[in-house]
Each structure stands twice: as structure tokens, then as C-alpha cells.
Amino acid sequence: MTTPKQRNPEWRTQALTVTPRELRMPQFSVEVVAGPDQGLRAISDGTELAIGTNPGNQLVLTDSTVSRHHCQIAVDGTGFLLRDLGSTNGTTLAGHRIVAAYLAPAGVIGLGQTVLRFDVTDREVVAPLSEESALGDVLGESPAMRRLFFILNRVVQTDTTVLLEGETGTGKTMIAEALHDAGPRRKRPFVVVDCGAMSASLIESELFGHERGAFTGAHDAKQGMLEAANGGTIFLDEIGELPLELQPKLLRVLESRTVTRIGSTRTAKLDVRIVAATNRDLRAEVNGGTFRSDLFYRISTLRVRVPALRERPEDLAPLVDRFYRELAGEDAAPPVELLTAVARHTWPGNVRELRSFVERSFLLGPQTPDDVPPSTARGYDDLALTFRDAKARAMAEWERDWIGRLFKTYGGNLSRASRAAQMDRNHLRSLVRRYGFQPGANADAPDAADAADADDPDAK
């Protein structure tokens, strides 16, 4: 059996290369080779290319069997990752339905009645990086963070609505606050609304306010968080958790820039900047009917992805240094054994988990990240946690346990385990690496069901 590299020696997985002021990444193209839009072609101009029927995609299709936000292709340090966005009819690669998979040149992608061909061009996309390694209190020397800082610095002095996407614990709240503090509204309020921590009955009153007697228990009039943020910035954290019935009400407020308290007919004008954050892909939520498309378009004027900590290992040492000095004093340097232990862990809980680990090591002496399961430095049943953090940690603990048992059951064989769980093998591999499990010697050995696909690189 020959590999894609052996059949085409000109192609190989290209790592992102960095110069001091720019990030270079391979450019790729996607062309419709069959279907209603045959001949249509899109070329990447950044790290990702989105495909669907909505005009906000880079490749816009008219095929009625394609979802509004169907799939995306993103460049990372491994290669070109194709990911389905919860589409109705699914995404196939060489005839196999996938959730996520890495592409090889000439890969054949199926979306409804449309067939696409993926290819790598002979050019590179150049993305400028910030010369600064921080935005306010947000630290990042890695190319991924310096790219983030470059983008945010372009809009920091504007009122552009920003949507921050990223895993729990990546620092989205700190980034939102840094945007506020660096902008012209810095002397006005910065109000945080945690959409995932309030009940559906409470959040409407908290957001919009209410008049006395508006409902049972409303003994006094109350100003809502939107009014409280007037002149400043309102940060809608975990906006993907906002109840569906409240979404059109929030949309009207954002579009009209006025707010009406519950139980009142009077409207108050609003002058606020909107920054939102989510640990979900809201495009998939739109496809699934749990998030309104019009609200998504309203809050995603600028979509910015905050990278996970495992994607920026260059930032581990600077972050540990900062956290340790905050605890031990500016003249104290973190011990070598702490830096060594940190470098061996994948940090699924991201910066929040890293900070907790450094604090624990400072208070209790040398630790290893394996002393406590990742993302569960405090158990999810600890009532000192917020609802959102407890939920995230419970999910992380369940996922780690389930993946571990699946992996053990199939002897560390990724192929057999992914087939049994009906998961994409590359997705399972990423979870295995995230939680620190060690693949067995036969991790990639094909089973009988895989043999039929052995000569088809795209089937993997």
C-alpha cells in the first residue's frame, strides 16, 4: 500500500512557519465538481474556509440539500481539518460520512447533492502578527495569540461587535475586559452577563430590568444589566446558553439600541458595545434550531477564535512565570521541576486549569498534573463553583472516563475503538492525546472492516 506522500512526493503535511511579524500557512482551494453550482471555486485567505448556503460563508452554495453552515476546512499544525457543523444531511469524504477528518490533496467531499474537490495550491497565505505579546493582562507570545492580538487591535478603538469563540478556560472573559480597557469606553462600566449561570425565568429580569409589580415578587423597580452598561461594554458570556424564547427579545434590543423593562411601556436608549463569548460553535446551533440565525449574524460582526492552551505551548513558560510571581512575589522565579511538569501535560482545562495547578504547587509543594484528573482540580459537585464551571468539569470528567474505558476495551486500537463508537478515528485520536492516554503498539492496525478502505487515503 502506498501513502499519499509516496504517490505524490511533492505533497506533504506543511507545518505553519513563523517569522517575527507574520504567520505563513499553506493555501488551499475547494471546487464544485458536481451539483447545482458546478465550476464554483473558493480559495482560502486565512486559517479556515466555511462552506454552506448562507452568504457569510467563503464558498456559498445554492444546493437546497446543503445546510446554511454545512462544514469548514481549517489549517492547523497537523494538516487540513474538515469538520461537519451539525449539518442536516451530513458531510462525506470519499463516500464515508465523517464528523471530522484530515484531508489529502484531490480529496472528494460530499455535501447533499454537491461534490467538492479539495486541493493545496503552490502559494501561501500570509497573516500579520502583532509585535506585542500582550493585550492588557492577556499574555501570549505564541504566533496564535499574536495573531489574535493583531486582529483585536484593529477594532479596539471601534464599537464593532465581537464574538469570542473557544473552549472553557481559554480566557475569553479576560480578553473581553482587555478590549474594553484599551478602548474609548474604558472609564465607563464593563458589565458581565453569564448566560449559562442564570435560569430562564431570572435572566430576562436581569438583562432588561423590571418595574415594581411587574410579576410576583417584584416589590421594587430594578435596572437591568443592559441599562447598567450604558456608555460602556456589555459582555454576554456563554451566549449559546441563552434560552431560545429570549433570543428575539435580545435581538430587538441590539438592533434598536433601546430597552424596555418588564412591566413598562417606556423605552430607554442604550449606548453600549457588545462583546459575546461561547464555547460552542453557534453555526452548528443554528443548524440544530437552538440558536436563532438572525441573532448569530448580529453578534458575529467579527468572529475571533481563542486558541486552546495545547495549541500554543510557547505560552506555557511565560504563563507559569506570571502566575508563580503573583503568588510568591515579583523576585521569585518558578522552580525548574514545576516548568518540567507543566510541559508534560496537555491542559484540557486550558489557562484556568494551569493557574490552579501553579497555585496548588506553590501551596503544597511539587505536584504533577496527573495528581488530579484534568479539569477537575475541584470536583464538579463543589458548590463553590459556578453552574457553568461545574457543568464543564462534569462533562470533562465523564468524557475522560468514557474515552479511557473505550480505549482500554479495544486494547488501544484506534481503528476498532472508533468503529465501535461510530466516531471519526482522527477525532478519537485527538481525544486520546488530550487526556494523556498512551496508544498501544497496535493503535493503528486495521481490522477486517478497515481492510476494504486500506488503499483509499481519503477514507481515513
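In what order do the five strands of the open sheet run? I read it off as 16-19-22-15-23, with parallel pairing. Strands here, like helices, are DSSP runs numbered from the N terminus (strands E, at least two residues; helices H or I, at least four). Two strands count as paired if DSSP finds at least two bridges between them.

A note on ground rules before I go on. This is a predicted model, so I take local features only at pLDDT of at least 70 and side-chain atom pairs only at pLDDT 80 or more, while totals for chains, interfaces and linings use all residues. Residues are numbered from 1 along each chain as its sequence is written, and side-chain values use heavy atoms, with hydrogens and water left out.

Strand 15 (residues 162-165) pairs with strand 23 in the parallel sense over four bridges. I find valine 162 opposite leucine 302, and leucine 164 opposite valine 304.

**Aromatic pairs**

I pair rings of Phe, Tyr and Trp (its six-membered ring) when their centres lie within 6.5 Å; planes under 30 degrees apart are stacked, over 60 edge-to-face, and the rest tilted. That rule gives me seven aromatic pairs. Phenylalanine 80 and phenylalanine 118 make a tilted one, 5.3 Å centre to centre with 55° between the planes. This pair links distant parts of the chain, 38 residues apart: phenylalanine 80 sits in strand 7 (residues 80-84) and phenylalanine 118 in strand 12 (residues 114-128). Phenylalanine 80 is buried at 2% relative accessible area, and phenylalanine 118 is buried at 0%.

I also looked at phenylalanine 190 and phenylalanine 235, a stacked pair at 6.3 Å centre to centre and 15° between the planes. Phenylalanine 190 belongs to strand 16 (residues 190-194) and phenylalanine 235 to strand 19 (residues 233-237), so the pair ties together parts 45 residues apart in sequence. Phenylalanine 235 is buried, at 0%.

**Loops**

Two non-glycine residues with positive phi went on my list. Alanine 106 has a phi of about 70° and lies in the loop between strand 10 (100-102) and strand 11 (107-111). Alanine 106 is partly exposed at 29%. Arginine 257 has a phi of about 55° and lies in the loop between helix 6 (247-256) and strand 20 (258-260); at 24%, arginine 257 is partly exposed.

Glycine 213 is in the loop between strand 17 (209-210) and strand 18 (222-223). Glycine 213 is exposed, at 56%. Its C-alpha atom is 7.6 Å from that of glycine 263, 50 residues apart along the chain.

My search runs on a 1 Å grid over the protein atoms alone: in a cavity a 1.4 Å probe fits but cannot get out, a pocket is an open set of points with protein on both sides within 12 Å along at least five of seven lines, and lining residues have an atom within 4 Å of a point. How many cavities of 30 Å³ or more turn up? I get two. The second largest cavity holds about 40 Å³, and its lining includes Asp159, His180, Arg185 and Arg273.

The second largest pocket holds about 390 Å³. It is lined by 25 residues, with Gly169, Thr170, Gly171, Met174 and Val351 nearest its centre. Helix 11 gives the most to this lining, five residues.

Key. Buried means under 20% relative accessible area, exposed over 50%, partly exposed in between (1.4 Å probe, protein chains only). Grid points are joined across faces, edges and corners, and a volume is the space filled by probe spheres set on the points.
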